Amino acid sequence: MPEGPTIKILQEQLQPFVGRQITAADGYAKGIAPHSLQGHTIIDIKAWGKQLLICLDNQLTIRVHMGLFGSYRINDRGKRNASLGLKFDGDEVNFYISNIKLIAEPLDTVYDWTADVMNPAFDIKKARKKLLARPEAMICDLLLDQQLFAGSGNIVKNEVLFRARVHPANIIENLPPRKLTELIQTTIDFCADFYRWKKQNSLRKNLQAHEKQECPRNHIPFKKADLGKTKRHCYYCEICQILYE
DNA sequence: GGGAATGTTCACTA
DNA sequence: CTAGTGAACATTCC
(Lines give C-alpha, C1' and ligand atoms only; values in the text may rest on other atoms or scores of the structure.)
Protein backbone atom coordinates (compact mmCIF):
# COMPACT_ATOMS: atom_id res chain seq x y z
CA MET A 1 0.00 0.00 0.00
CA PRO A 2 2.63 2.41 -1.08
CA GLU A 3 3.14 6.07 -1.77
CA GLY A 4 6.29 7.36 -3.44
CA PRO A 5 8.68 7.12 -0.48
CA THR A 6 7.78 3.45 0.02
CA ILE A 7 8.52 2.71 -3.62
CA LYS A 8 11.84 4.51 -3.30
CA ILE A 9 12.73 2.22 -0.41
CA LEU A 10 11.71 -0.80 -2.47
CA GLN A 11 13.82 0.41 -5.37
CA GLU A 12 16.83 0.61 -3.07
CA GLN A 13 16.14 -2.79 -1.57
CA LEU A 14 16.13 -4.28 -5.05
CA GLN A 15 19.46 -2.82 -6.15
CA PRO A 16 21.27 -6.09 -5.39
CA PHE A 17 19.19 -7.66 -8.16
CA VAL A 18 20.74 -5.48 -10.83
CA GLY A 19 22.89 -7.74 -12.98
CA ARG A 20 20.95 -10.85 -11.97
CA GLN A 21 19.22 -13.13 -14.39
CA ILE A 22 15.57 -14.08 -14.04
CA THR A 23 15.58 -17.86 -14.01
CA ALA A 24 11.80 -18.20 -13.81
CA ALA A 25 8.72 -16.02 -13.45
CA ASP A 26 5.09 -16.63 -12.60
CA GLY A 27 1.99 -14.74 -11.61
CA TYR A 28 -1.59 -14.07 -12.59
CA ALA A 29 -1.18 -10.45 -13.66
CA LYS A 30 -2.88 -9.59 -16.91
CA GLY A 31 -0.91 -7.98 -19.67
CA ILE A 32 2.25 -9.96 -19.14
CA ALA A 33 3.40 -13.46 -20.00
CA PRO A 34 5.64 -14.37 -17.07
CA HIS A 35 7.44 -16.95 -19.16
CA SER A 36 8.65 -14.23 -21.53
CA LEU A 37 10.77 -12.76 -18.74
CA GLN A 38 12.71 -15.92 -18.20
CA GLY A 39 16.39 -15.76 -19.11
CA HIS A 40 16.55 -11.98 -19.09
CA THR A 41 18.89 -9.99 -16.92
CA ILE A 42 17.92 -6.95 -14.88
CA ILE A 43 20.06 -4.02 -15.95
CA ASP A 44 18.54 -1.32 -13.76
CA ILE A 45 15.84 -0.68 -11.16
CA LYS A 46 14.22 2.73 -11.11
CA ALA A 47 11.24 4.37 -9.50
CA TRP A 48 8.89 7.07 -10.69
CA GLY A 49 6.23 8.17 -8.26
CA LYS A 50 4.32 5.11 -7.14
CA GLN A 51 5.72 2.97 -9.93
CA LEU A 52 8.62 0.56 -9.69
CA LEU A 53 10.52 0.10 -12.95
CA ILE A 54 12.55 -3.02 -13.57
CA CYS A 55 14.67 -2.58 -16.68
CA LEU A 56 15.65 -5.68 -18.63
CA ASP A 57 18.39 -6.43 -21.11
CA ASN A 58 15.91 -6.63 -23.99
CA GLN A 59 14.86 -2.95 -23.99
CA LEU A 60 11.72 -3.78 -22.06
CA THR A 61 10.80 -2.49 -18.62
CA ILE A 62 8.51 -4.19 -16.14
CA ARG A 63 6.28 -1.57 -14.56
CA VAL A 64 4.88 -2.53 -11.16
CA HIS A 65 2.08 -0.45 -9.68
CA MET A 66 0.74 -1.66 -6.35
CA GLY A 67 -2.41 0.38 -6.17
CA LEU A 68 -4.25 0.58 -2.87
CA PHE A 69 -3.74 -2.96 -1.57
CA GLY A 70 -0.49 -4.01 -3.16
CA SER A 71 2.49 -5.41 -1.30
CA TYR A 72 5.78 -7.14 -1.95
CA ARG A 73 8.09 -9.70 -0.39
CA ILE A 74 11.77 -10.25 -0.99
CA ASN A 75 12.90 -13.84 -0.41
CA ASP A 76 9.57 -14.50 1.22
CA ARG A 77 6.02 -15.29 0.14
CA GLY A 78 2.61 -14.01 1.11
CA LYS A 79 -0.46 -16.14 1.66
CA ARG A 80 -1.92 -15.58 -1.77
CA ASN A 81 -0.70 -16.08 -5.29
CA ALA A 82 1.53 -13.34 -6.55
CA SER A 83 0.59 -10.99 -9.37
CA LEU A 84 4.18 -11.41 -10.41
CA GLY A 85 6.92 -13.54 -8.94
CA LEU A 86 10.49 -13.28 -10.16
CA LYS A 87 12.89 -16.11 -9.38
CA PHE A 88 16.65 -15.82 -9.40
CA ASP A 89 19.35 -18.26 -8.55
CA GLY A 90 18.65 -18.63 -4.84
CA ASP A 91 16.47 -15.53 -4.50
CA GLU A 92 12.98 -14.40 -5.32
CA VAL A 93 10.89 -11.24 -5.40
CA ASN A 94 7.09 -11.36 -5.22
CA PHE A 95 4.55 -8.66 -5.92
CA TYR A 96 0.96 -8.98 -4.72
CA ILE A 97 -2.19 -7.26 -5.99
CA SER A 98 -0.08 -5.31 -8.37
CA ASN A 99 -0.77 -3.92 -11.79
CA ILE A 100 2.02 -5.19 -14.03
CA LYS A 101 2.80 -3.87 -17.47
CA LEU A 102 5.63 -4.12 -19.94
CA ILE A 103 6.91 -0.83 -21.30
CA ALA A 104 8.69 -0.87 -24.64
CA GLU A 105 9.39 2.86 -24.98
CA PRO A 106 12.57 4.43 -23.62
CA LEU A 107 11.73 5.52 -20.07
CA ASP A 108 12.90 9.08 -20.65
CA THR A 109 10.12 9.50 -23.18
CA VAL A 110 7.50 8.09 -20.81
CA TYR A 111 8.40 9.69 -17.49
CA ASP A 112 9.16 13.24 -16.43
CA TRP A 113 11.73 12.65 -13.72
CA THR A 114 11.49 16.26 -12.57
CA ALA A 115 7.91 15.60 -11.38
CA ASP A 116 8.88 12.78 -9.00
CA VAL A 117 8.75 13.96 -5.40
CA MET A 118 11.48 11.50 -4.40
CA ASN A 119 13.84 12.46 -7.20
CA PRO A 120 16.57 15.03 -6.44
CA ALA A 121 15.79 16.39 -9.91
CA PHE A 122 12.31 17.48 -8.79
CA ASP A 123 11.72 20.92 -10.25
CA ILE A 124 9.93 23.36 -7.97
CA LYS A 125 9.56 26.03 -10.63
CA LYS A 126 7.93 23.62 -13.03
CA ALA A 127 5.58 22.47 -10.29
CA ARG A 128 4.64 26.10 -9.67
CA LYS A 129 3.84 26.61 -13.32
CA LYS A 130 1.72 23.48 -13.43
CA LEU A 131 -0.22 24.61 -10.37
CA LEU A 132 -0.78 28.09 -11.77
CA ALA A 133 -1.97 26.57 -15.04
CA ARG A 134 -4.98 25.24 -13.15
CA PRO A 135 -6.31 28.26 -11.26
CA GLU A 136 -9.76 26.76 -10.64
CA ALA A 137 -8.55 23.44 -9.25
CA MET A 138 -8.59 22.60 -5.57
CA ILE A 139 -5.24 22.15 -3.89
CA CYS A 140 -6.39 18.85 -2.36
CA ASP A 141 -6.89 17.47 -5.87
CA LEU A 142 -3.63 18.77 -7.29
CA LEU A 143 -1.61 17.31 -4.43
CA LEU A 144 -2.83 13.93 -5.63
CA ASP A 145 -2.15 14.62 -9.31
CA GLN A 146 0.69 12.37 -10.41
CA GLN A 147 1.63 14.70 -13.26
CA LEU A 148 2.37 17.39 -10.69
CA PHE A 149 3.55 15.40 -7.69
CA ALA A 150 4.38 11.88 -8.81
CA GLY A 151 4.45 9.73 -5.71
CA SER A 152 2.23 11.90 -3.55
CA GLY A 153 -0.79 10.12 -2.09
CA ASN A 154 -3.52 10.72 0.43
CA ILE A 155 -1.22 10.64 3.45
CA VAL A 156 1.17 13.12 1.84
CA LYS A 157 -1.74 15.36 0.87
CA ASN A 158 -3.21 15.56 4.35
CA GLU A 159 0.11 16.01 6.12
CA VAL A 160 1.39 18.67 3.72
CA LEU A 161 -1.80 20.73 4.00
CA PHE A 162 -1.62 20.53 7.76
CA ARG A 163 2.05 21.48 7.93
CA ALA A 164 1.55 24.41 5.59
CA ARG A 165 -1.66 25.45 7.37
CA VAL A 166 -3.64 25.41 4.17
CA HIS A 167 -7.29 24.37 3.96
CA PRO A 168 -7.75 21.52 1.44
CA ALA A 169 -10.59 23.28 -0.38
CA ASN A 170 -8.51 26.28 -1.46
CA ILE A 171 -8.46 26.88 -5.17
CA ILE A 172 -5.11 27.72 -6.67
CA GLU A 173 -5.84 31.27 -7.77
CA ASN A 174 -6.75 32.25 -4.21
CA LEU A 175 -3.53 31.03 -2.65
CA PRO A 176 -0.91 33.70 -2.01
CA PRO A 177 2.07 33.19 -4.36
CA ARG A 178 4.42 32.52 -1.47
CA LYS A 179 2.08 29.90 -0.11
CA LEU A 180 2.28 27.98 -3.37
CA THR A 181 6.03 27.74 -3.17
CA GLU A 182 5.79 26.79 0.48
CA LEU A 183 3.33 24.01 -0.33
CA ILE A 184 5.64 22.54 -2.94
CA GLN A 185 8.66 22.73 -0.66
CA THR A 186 6.64 21.24 2.19
CA THR A 187 5.66 18.33 -0.05
CA ILE A 188 9.30 17.57 -0.81
CA ASP A 189 10.28 17.95 2.83
CA PHE A 190 7.45 15.78 4.10
CA CYS A 191 8.22 13.03 1.60
CA ALA A 192 11.80 13.00 2.86
CA ASP A 193 10.46 12.57 6.41
CA PHE A 194 8.00 9.92 5.24
CA TYR A 195 10.91 8.03 3.70
CA ARG A 196 13.00 8.25 6.88
CA TRP A 197 10.13 7.29 9.18
CA LYS A 198 9.02 4.43 6.97
CA LYS A 199 12.52 2.97 7.10
CA GLN A 200 12.43 3.22 10.88
CA ASN A 201 8.96 1.70 10.91
CA SER A 202 7.66 4.78 12.68
CA LEU A 203 5.57 6.44 9.98
CA ARG A 204 2.23 6.09 11.69
CA LYS A 205 3.23 7.62 15.00
CA ASN A 206 4.78 10.61 13.26
CA LEU A 207 1.68 11.58 11.32
CA GLN A 208 -0.05 14.69 12.59
CA ALA A 209 -3.25 14.88 10.57
CA HIS A 210 -3.99 11.81 8.47
CA GLU A 211 -6.65 9.71 10.20
CA LYS A 212 -6.17 11.72 13.40
CA GLN A 213 -8.99 12.74 15.71
CA GLU A 214 -7.89 16.20 16.76
CA CYS A 215 -5.60 19.02 15.74
CA PRO A 216 -2.32 18.83 17.67
CA ARG A 217 -2.08 22.63 17.59
CA ASN A 218 -5.54 23.58 18.85
CA HIS A 219 -6.82 20.31 20.27
CA ILE A 220 -10.12 20.69 18.52
CA PRO A 221 -11.57 17.84 16.45
CA PHE A 222 -10.31 17.54 12.89
CA LYS A 223 -12.88 17.90 10.16
CA LYS A 224 -13.14 14.82 7.99
CA ALA A 225 -14.60 15.28 4.53
CA ASP A 226 -14.24 14.00 0.99
CA LEU A 227 -13.34 17.15 -0.89
CA GLY A 228 -12.58 18.02 -4.48
CA LYS A 229 -13.01 15.96 -7.60
CA THR A 230 -10.91 13.18 -6.16
CA LYS A 231 -13.23 12.88 -3.14
CA ARG A 232 -10.55 11.32 -1.01
CA HIS A 233 -10.61 11.74 2.76
CA CYS A 234 -9.34 15.09 3.94
CA TYR A 235 -8.45 15.58 7.61
CA TYR A 236 -8.07 19.22 8.50
CA CYS A 237 -8.37 21.83 11.20
CA GLU A 238 -10.83 24.62 10.50
CA ILE A 239 -8.96 27.01 12.74
CA CYS A 240 -5.33 26.73 11.75
CA GLN A 241 -5.71 25.67 8.13
CA ILE A 242 -6.65 28.80 6.27
CA LEU A 243 -9.22 29.07 3.51
CA TYR A 244 -8.16 32.07 1.41
CA GLU A 245 -10.66 34.15 -0.53
C1' DG B 1 -18.82 -9.49 9.93
C1' DG B 2 -18.89 -4.85 7.89
C1' DG B 3 -16.46 -1.11 6.53
C1' DA B 4 -12.62 1.36 5.36
C1' DA B 5 -7.88 1.88 3.81
C1' DT B 6 -1.29 4.80 1.43
C1' DG B 7 -4.76 4.02 -5.97
C1' DT B 8 -6.03 4.03 -10.68
C1' DT B 9 -8.66 2.90 -14.74
C1' DC B 10 -12.55 2.05 -17.22
C1' DA B 11 -17.51 1.42 -18.27
C1' DC B 12 -21.62 3.52 -18.05
C1' DT B 13 -24.99 7.37 -17.72
C1' DA B 14 -27.09 11.79 -18.15
C1' DC C 1 -18.74 14.66 -26.63
C1' DT C 2 -18.06 15.29 -21.82
C1' DA C 3 -18.32 15.39 -17.07
C1' DG C 4 -19.56 12.81 -13.39
C1' DT C 5 -20.38 8.45 -11.03
C1' DG C 6 -19.54 4.03 -9.62
C1' DA C 7 -17.46 -0.49 -10.23
C1' DA C 8 -13.57 -3.19 -10.41
C1' DC C 9 -9.29 -4.93 -8.77
C1' DA C 10 -8.79 -8.31 -4.08
C1' DT C 11 -6.35 -7.75 0.83
C1' DT C 12 -5.75 -6.51 5.54
C1' DC C 13 -6.97 -4.47 9.56
C1' DC C 14 -10.08 -2.93 13.14
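Visitor: What makes up the atoms of DNA strand C within 4 Å of the protein, and how do they divide between bases and sugar or phosphate?

Guide: In this predicted model, 68% of the atoms of DNA strand C that lie within 4 Å of the protein belong to sugar or phosphate, and the rest belong to bases.

Visitor: Which residues surround DNA strand C?

Guide: DNA strand C is surrounded by Tyr28, Phe69, Arg80, Ile97, Lys229 and Lys231. By class, three residues of this surface are nonpolar, none is polar and three are charged.

Visitor: What makes the approach of Lys231 to a phosphate oxygen of DNA strand C a polar contact?

Guide: A polar side-chain atom of Lys231 lies 2.7 Å from a phosphate oxygen of DNA strand C. The cut-off for a pair of N or O atoms is 3.5 Å, and 2.7 Å is within it, so the pair qualifies as a polar contact.

Visitor: Why is the pair Glu12 and Lys199 called a salt bridge?

Guide: The side chains of Glu12 and Lys199 meet at 3.8 Å, N to O. The rule asks for a Lys or Arg nitrogen within 4 Å of a carboxyl oxygen of Asp or Glu; the value of 3.8 Å is within that limit, and therefore the pair is a salt bridge.

Visitor: How many salt bridges does the rule find across the interface of domain 1 and domain 2?

Guide: The rule finds one across that interface, while the structure holds 13 salt bridges. Five residue pairs are in polar contact across the interface of domain 1 and domain 2. On the side of domain 1 that touches domain 2, helix H1 (4–13), strand E2 (42–48) and helix H2 (107–110) each supply at least two residues. H1 gives the largest share, six residues.

Visitor: How do you know that Asp91 and Arg20 form a salt bridge?

Guide: The side chains of Asp91 and Arg20 meet at 2.7 Å, N to O. Since 2.7 Å is within the 4 Å limit, the pair is therefore a salt bridge. Asp91 lies in the loop between strand E6 (84–87) and strand E7 (92–96), and Arg20 in the loop between H1 and strand E1 (24–26). The two residues are 71 residues apart, and the pair links distant parts of the chain.

Note on methods. Residues numbered from 1 in each chain as written. Chains lettered and ligands numbered in written order. Predicted model: local features only at pLDDT ≥ 70, side-chain atom pairs only at ≥ 80, totals over all residues. Heavy atoms only, no water. Polar contact = N/O pair within 3.5 Å; in protein donor to acceptor, adjacent residues only side chain to side chain. Helix = DSSP H or I, 4+ residues; strand = E, 2+ residues; numbered from the N terminus. Near = heavy atom within 4 Å. Nonpolar A, V, L, I, M, F, W, Y, C, P; charged D, E, K, R; others polar.
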